[in-house]
Amino acid sequence: MTLPVLPGHPHFAYRDNALFAEDVRVSELAATYGTPLFIYSKTAMLAALASYQRGFEGRDAQICYAMKANSSLAVLQVFARAGCGFDIVSGGELERVQAAGGDLKKVIFSGVGKTRAEMRQALAAGIGCFNVESEAELDVLSAVAAGMKLRAPVSIRVNPNVDPKTHPYISTGLKGNKFGVAHEDALRIYQHAASLEGLKVVGIDCHIGSQITEVTPYLDAMDRVLDLVAAIEAAGIPLAHIDFGGGLGINYNDDDMPPEADALWRQLLAKLDARGYGDRKLMVEPGRSLVGNAGICITEVLYLKPGEQKNFCIIDAAMNDLPRPAMYQAFHAIVPVERAASESAGVVYDVVGPVCESGDWIGRDRALHVAAGDQLAVMSAGAYCMSMASNYNTRGRAAELLVEGDLARLIRARESAADTFRGELLMP
Ligand code: LLP
């Protein structure tokens, strides 16, 4: 019998109590490659992408994968080969796109703090658009581009002042966030941009936050942005494209089911049509919703430590591998890789890593039926896990595998301790 671990994770399922990633038995991968180990399903990534593609069928739309969610080169290759562009936020991410063979004309460059060197690098690469986040950045970008005898294609990120109803650290479209320019200032700043010799205005963009599970904030943001499009174009500045950013959430547990991308976009496109912008070129920057539920992290139970107040299940993955619980009190489901045939209720544990911080927890109050040496799968680990991983406590970063059908490929070798201090210099 095949049983998906969670709704929304069809490519990670139990077959007779053994967890499979597509058609590969996870325990066998862990035995071969060790733990902690990230396993991604290529089919799950392409299925998530297909939902957007269905939503945009018949439209002039470009999907720019927000690669900060997972920037491993093989993951970028999957999306590049499927026709995606990329939303980047650094010169380093641009180099990754180049290394993965992505189409540079489909790259957009977001972020509040682009350096002059990054601007030059992106202009030389011929990227599609700079998403500019302040008036000061416009002036610098114009000067840099003019110095290279180029015109930088720009869109200005406007802040629609809409509450995305998500964690405050990942809300970005409210007043008081560092992102974008204020709605009231947007027209004036567009007029300023249009007057600069090194710039060519090509679009407008917004991004209101991440892990959004409701449709209403998107609909509100779209209304606010379309009001601006009307005002900016009435002032004689045409906007070839509208970029609605990313932010669509995934289900980390069963409570908070966000809409599917195609369902979300059916509603958004209906509004766009109703307001007369249905044939405008559209861009989106999804990150988490393309990769989040396409990845899991396998970890081994090192010790069980019963206590008076808490029982601890100490695993070999830690906050350096899976930083989201420590940073955002985020929830990731944790399930056994091989389930006991008759599952008793289990014992309630805090699942914690070996790092020397009380903040190093991966799951709190989880009922588990485990013994030392068992393996656990941390679910929804495809987004913002490896890309945020660190070497804290001189822990090498985990290995990564990409599974397709019954084939598993190593896409990142486990980092050794020597890897973590390469580049450091001893005193004479
Ligand atoms: N576009 C821009 C301008 C962004 O800042 C982001 C994410 C995205 C697109 C992609 O958003 P997504 O579709 O992935 O929600 N580390 C946090 C999430 C930070 C999101 C930052 N910006 C987490 O683990 O929840």
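This is a predicted model: local features need pLDDT of at least 70, side-chain atom pairs count only at pLDDT 80 or more; totals for chains, interfaces and linings use all residues.
Reader: Where is D87 found, and is D87 buried or exposed?

Author: Helices (H or I, at least four residues) and strands (E, at least two) are DSSP runs, numbered from the N terminus. Buried means under 20% relative accessible area, exposed over 50%, and partly exposed in between, with a 1.4 Å probe and protein chains only. Here, D87 belongs to strand β7 (residues 85-88). With a relative accessible area of 2%, D87 is buried.

Reader: With which side chain does the side chain of D87 make a polar contact, and with which residues is D87 in contact?

Author: A polar contact is a pair of N or O atoms within 3.5 Å; within protein, one must be able to donate a hydrogen and the other to accept it, and residues adjacent in sequence count only if both atoms are side-chain atoms. Contact means heavy atoms within 4.5 Å. The side chain of D87 makes its polar contact with the side chain of S110, at 2.7 Å. If neighbours within four places in sequence are left aside, the residues in contact with D87 include C64, Y65, I108, S110 and E285.

Reader: How may D243 be read, and in which strand does D243 lie?

Author: D243 lies in strand β13 (residues 241-243). Its relative accessible area is 0%, so D243 is buried. The side chain of D243 reaches the backbone nitrogen of G245 at 2.7 Å. Beyond its neighbours within four places in sequence, D243 is in contact with several residues, among them I108, N131, D205 and E285. The C-alpha atoms of D243 and G203 are separated by 7.4 Å, and these two residues are 40 residues apart along the chain.

Reader: Which residues are buried in helix α7, and where do they lie around the axis?

Author: The direction of each residue is taken from the helix axis to its C-beta atom, and the arc is that of these directions. In helix α7 (residues 186-194), the buried residues are A186, I189, Y190 and A193. They cover an arc of only 105° around the axis, which puts them on the same side of α7. Among the elements against which the buried residues of α7 pack are α6 (135-147), β10 (152-159) and α8 (216-234).

Reader: Which residues of α1 are buried, and which exposed residues are carried by the face turned away from them?

Author: V26, S27, L29 and A30 are buried in α1. Seen down the axis of α1, these residues fall within an arc of 160°, so they line one face of the helix. The face turned away from that buried side carries the exposed residues A31 and T32. Just after α1, G34 takes a positive phi of about 80°.

Reader: What may be said of the peptide bond from T35 to P36?

Author: That peptide bond is cis, with omega near -10°. P36 is found in the loop between α1 (26-33) and β5 (37-41).

Reader: What is the volume of the second largest pocket, and which residues are closest to its centre?

Author: On a 1 Å grid over the protein atoms alone, a pocket is an open set of points where a 1.4 Å probe fits, with protein on both sides within 12 Å along at least five of seven lines; lining residues have an atom within 4 Å of a point. Grid points are joined across faces, edges and corners, and a volume is the space filled by probe spheres set on the points. The second largest pocket has a volume of about 450 Å³. Of the 25 residues that line this pocket, G8, A48, E260, S289 and N293 are the closest to its centre. The largest share of the lining, 6 residues, comes from α2.

Reader: How does the lining of the second largest pocket divide by residue class?

Author: Ala, Val, Leu, Ile, Met, Phe, Trp, Tyr, Cys and Pro count as nonpolar, Asp, Glu, Lys and Arg as charged, and the others, Gly among them, as polar. The lining of this pocket divides into 15 nonpolar, 8 polar and 2 charged residues.

How values were computed:
Residues are numbered from 1 along each chain as its sequence is written. Side-chain values use heavy atoms; hydrogens and water are left out.
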